[in-house]
Structure formats: structure tokens, C-alpha cells
Amino acid sequence: MVASPAVGSGRGRARARVAAAGCAMAVCATVAAPAAAQDDTSRGKPTVVLIHGAFADGSSWNGVIQRLERRGYRVIAPANPLRGLYTDSTYIASVLDSVKGPIVLVGHSYGGAVISSAAAGRPRVKSLVYVSSLMPDKGESGQSLAARFPSELATATRAVPYRAGDGMRGKDLYLKRDKLHRVFAADLPASTAKLLAATQRPATTATFSEKAEVAAWRQIPSWVLVAKQDKTINPRQERFQAKRAHSHTVEINSSHVAMIAHPQEVTDLIVKAATATGKARPTPAAKPSDSRAGAKSRPADTAAAWVTGGAAALLLGGGALVLGHRRRRQSRSPLR
């Protein structure tokens, strides 16, 4: 067995310093690894909550749900009551409160108005996605937007009186069966359009007449899909809404029901909203005329940078320690 050199000797001190530098690097790695693991856990995939619009139900998202689940996302598609903007947004807000962790909130058609209200004051909603949808500002309604950007929907609905068990009375709006294919789902087979007509869920007139009290897209980054062949909501309206919100926008050749006709494109947009971080995320304007502000660093990014910087400092410090020892040895060498 070979005896180890004494720590007090020159060579022993050199090895001790190298070992100390190695230990410093090891400590750095030990500290950084759990931090990264915790960050990965806290930044796990968000839950995607899909809100359907008028004349539809949660099954309209089936193709999107399948694709999102294959990519590892948890998905919820709750029933939108379609009883009025205040009632519906309050109900959907309660659904959001039951979801753990970050949320990507997606709305189609009238569902866009609902998510704009329901997400307000809920910081766990990290992104809003609007699929050929309404995107009202405070004080606007579906009716007021449609007055500025007319579409064929105005001539494609019929009103049917209803009574509720509490004595409430009102009118439900249905799509006319002979108009649904052209106005609502032109790029779907006629047989599918017939099924949609038979199973459609009506919306009360209040869903379109009640004015928005908040607009969450002013504080939450948004992504918009414009359906260029939409005859239910004017594509010019969809572009106008996206522009004033400074949304990340894509346009596709689709009818109003883009999530049924083009589920892959809709899924891709949702995934972009779910994975966007830091500077990749657009910042909505505080006012429609405001320019886009620079993205701020997230706390997790700052922490990661701090850990990385600390690791680099330790590595450089250890290297300097070894280099300094070598220089001292060379200065004492009899060959110099």
C-alpha cells in the first residue's frame, strides 16, 4: 500500500486545493439539480379548459381533446350554461377555481366572451386562446360588435320562448336548420351539419345582449385563430379584436367551427399558448392604442439564472485556485 502524502506538504496542499475545488463544483451541482427538478415540477403542463359557444356543446372539442391528451395535457370541457354572459362567466369561473395549477383557457364563438370575463382576477390562467370567437372589451356585447361587423348570423336564427322552473321567462335562440350548414359549418359534410342542427343547444338572447364588465385579455396574453371563411362572426371582427389585444394570431381557411373542421390547427395554437414563456409571450396592451410592452422575466427564470450564475462562479473560482497554485509552483521551480 502506498502512503498518501501529508496534507502539510507542498504536493499534499496542492491536491487538497484541487479536491476543494472539485467539492465546490460538486456542491454546486447538488444545489442546482434539485432546483431544476423543482422548477420542472412547478412548470408542469397546464390544464387546458375548453369552453364551447352558442348552438354547441363540449363534444365540439372532441378532436382537439384527443390530440391534446396524446401530447400529455389534462383537458376539461365543461358545459357552458348559455343563459347569459354574467351567469355563464360566473359558473365557468367556479370551474376554474376547482382546477389545480396553471390553466390555458380556450373559448370558441360566444365562449370567447365568457372566458374574457371568467379569467379576470385569476392569476393561474396563464394564457387565453380565442377560436373564431367573440372578444369583447369592457362595455361591449356580442350585439354591439355584430352591429359594427355584420355577418349572416342575423338572418340564420330563430327565437323560441321558454319558461324556467323558477318562473323566469325568456327567449332562446336556435340556428335555423336550413341555414346551419352554410352559416355555421360550411366545410363539414352535410350529414355532420344535420347532426349539429339536431343536437344544438340554444342560447338566450342575454348571451349576446349583456355587456362585458371586464376584459381579461388586457392583462393575460392571448392567442387568436381567425377563420377566414366564417359566416357566423365576421372575420374582420376577429382581426380587429386580435389587433387591439396584441394577440398572437393565425388565420386558416375554415368555417366558424374551426375546432371541428381543423382540430390539428386549433391544437397547435393551444400548444403554442401553453408552452410560450418569457419573451415568446406577447404582452397585451393596457389600452387598445398602446404599443406592446417588453416581456418581464418570470421569477422562475430569474432563479434559474441565479443558480446558473452561481455555478459558473464556483467553476471559475475553482479553476483560478488550481491555476494560481500552478503558477506558484512554476515560480519556485529551479529550472526557471
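The largest cavity in this predicted model is lined by Leu 85, Tyr 110, Ala 113, Leu 134, Pro 136, Glu 140, Ser 141, Gly 142, Thr 207 and Glu 210. A cavity here is a set of points, on a 1 Å grid over the protein atoms alone, where a 1.4 Å probe fits but cannot get out, and lining residues have an atom within 4 Å of a point. The space inside comes to about 30 Å³, a volume being what is filled by probe spheres set on the points, with grid points joined across faces, edges and corners. A search of the whole structure turns up one cavity of 30 Å³ or more. Its lining splits into five nonpolar, three polar and two charged residues (Ala, Val, Leu, Ile, Met, Phe, Trp, Tyr, Cys and Pro count as nonpolar, Asp, Glu, Lys and Arg as charged, the others, Gly among them, as polar).

As for housekeeping, residues are numbered from 1 along each chain as its sequence is written. Local features need pLDDT of at least 70 and side-chain atom pairs pLDDT 80 or more, while totals for chains, interfaces and linings use all residues, and side-chain values use heavy atoms, with hydrogens and water left out.

Gly 142 turns up again in the second largest pocket, where Gly 142, Gln 143, Ala 146, Leu 153 and Phe 208 are the closest to the centre among 20 lining residues. A pocket is an open set of points with protein on both sides within 12 Å along at least five of seven lines. This one has a volume of about 400 Å³, and its lining has 12 nonpolar, eight polar and no charged residues.

Eight of the eight residues of helix 4 are buried, so the rest of the structure largely encloses it; buried means under 20% relative accessible area (1.4 Å probe, protein chains only).

Terms used: Buried means under 20% relative accessible area, exposed over 50%, partly exposed in between (1.4 Å probe, protein chains only). Helices (H or I, at least four residues) and strands (E, at least two) are DSSP runs, numbered from the N terminus.
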